[in-house]
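Here are a few exercises on charged side-chain pairs, each with a worked solution. Keep the viewer open and try each task before reading on.

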Amino acid sequence: MPQDSLQFLKDSTQLASEVLDFIPPEKVDMSPTGPGWYILGGIAVLLVLIVSIREYNRYLNSTYKRVANKDLDKIINQKLSLQESVFQVNTTLKRVALTSYDRDQVAHLSGEEWVAFLNTHWKNNFSDKESDLLINGAYMKPSADHDETLTQLIQSSKKWIKSHV
């Protein structure tokens with residue numbers, strides 16, 4: 001490379017450093033400066049708090065449903081007699097109904113009136129076999145058909161508990 005080229009490169013670098021004094025931009029402040037951001041943040045915190053309280057109350061209000069489902073699971077696992085199992089299912093359904101509805105409306109119900117009440121407070125209905133088992137189960141002799149119907153009754157009872165209100 002010729003000497004003139006090196007001198008020219010050196011001069012232009014020196015000139016550029018003298019003329020182009022680089023001024024960095026100011027740092028951008030990332031903290032919210034206006035009161036609107038604090039209000040918006042407060043509203044967001046308040047909404048989260050309200051939703052959390054609602055969900056917690058919903059959880060507490062559905063405790064009876066979880067307990068009733070556990071009771072129905074125990075009936076399956078305990079291998080009770082048909083009469084005892086039907087009695088336990090009816091007792092569990094009655095407890096749930098008394099928790100959800102007015103005592104004067106539920107406490108006196110039995111037999112066909114009881115099954116009609118259950119069916120009117122549910123979008124589905126208990127089948128004829130399940131209804132017969134609820135009404136007459138305490139007086140029936142156990143059979144393989146009844147065991148299958150009892151399992152269906154317990155599953156339908158769980159569905160009723162889940163969606164009765």
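This is a predicted model: local features need pLDDT of at least 70, side-chain atom pairs count only at pLDDT 80 or more; totals for chains, interfaces and linings use all residues.

**Exercise 1.** Find the partner of D73 in a salt bridge, and say where the two residues lie.

*Solution.* Step 1: apply the criterion, a side-chain nitrogen of Lys or Arg within 4 Å of a carboxyl oxygen of Asp or Glu. D73 meets it with K158, and their closest N and O atoms are 2.2 Å apart.
Step 1: D73 sits in helix α3 and K158 in helix α8 (residues 144–163), so distant parts of the chain, 85 residues apart, are linked. Helices here are DSSP runs of H or I with at least four residues, strands are runs of E with at least two, and both are numbered from the N terminus.
Step 2: D73 has 31% relative accessibility and counts as partly exposed; buried means under 20% relative accessible area, exposed over 50%, and partly exposed in between (1.4 Å probe, protein chains only).

Residues are numbered from 1 along each chain as its sequence is written, and side-chain values use heavy atoms, leaving out hydrogens and water.

**Exercise 2.** Which residue forms a salt bridge with D71, and is D71 buried or exposed?

*Solution.* Step 1: the partner is R95, with the closest N and O atoms 3.1 Å apart.
Step 1: because D71 belongs to helix α3 (residues 63–78) and R95 to helix α4 (residues 82–100), the pair ties together parts 24 residues apart in sequence.
Step 2: D71 is buried at 18% relative accessibility, whereas R95 is partly exposed with 40% relative accessible area.

**Exercise 3.** Work out how R58 and E55 are placed in their helix.

*Solution.* Step 1: both residues are in helix α2 (residues 35–61), three residues apart, about one turn of the helix.
Step 1: the two form a salt bridge whose closest N and O atoms are 2.8 Å apart.
Step 2: R58 is exposed, at 51% relative accessible area, and E55 is partly exposed, at 42%.

**Exercise 4.** How many salt bridges does a search of the whole structure find, and how many helices and strands does the chain have?

*Solution.* Step 1: the search gives three salt bridges.
Step 1: the chain has eight helices and zero strands.
Step 2: to finish, 25% of the chain's 165 residues count as buried.
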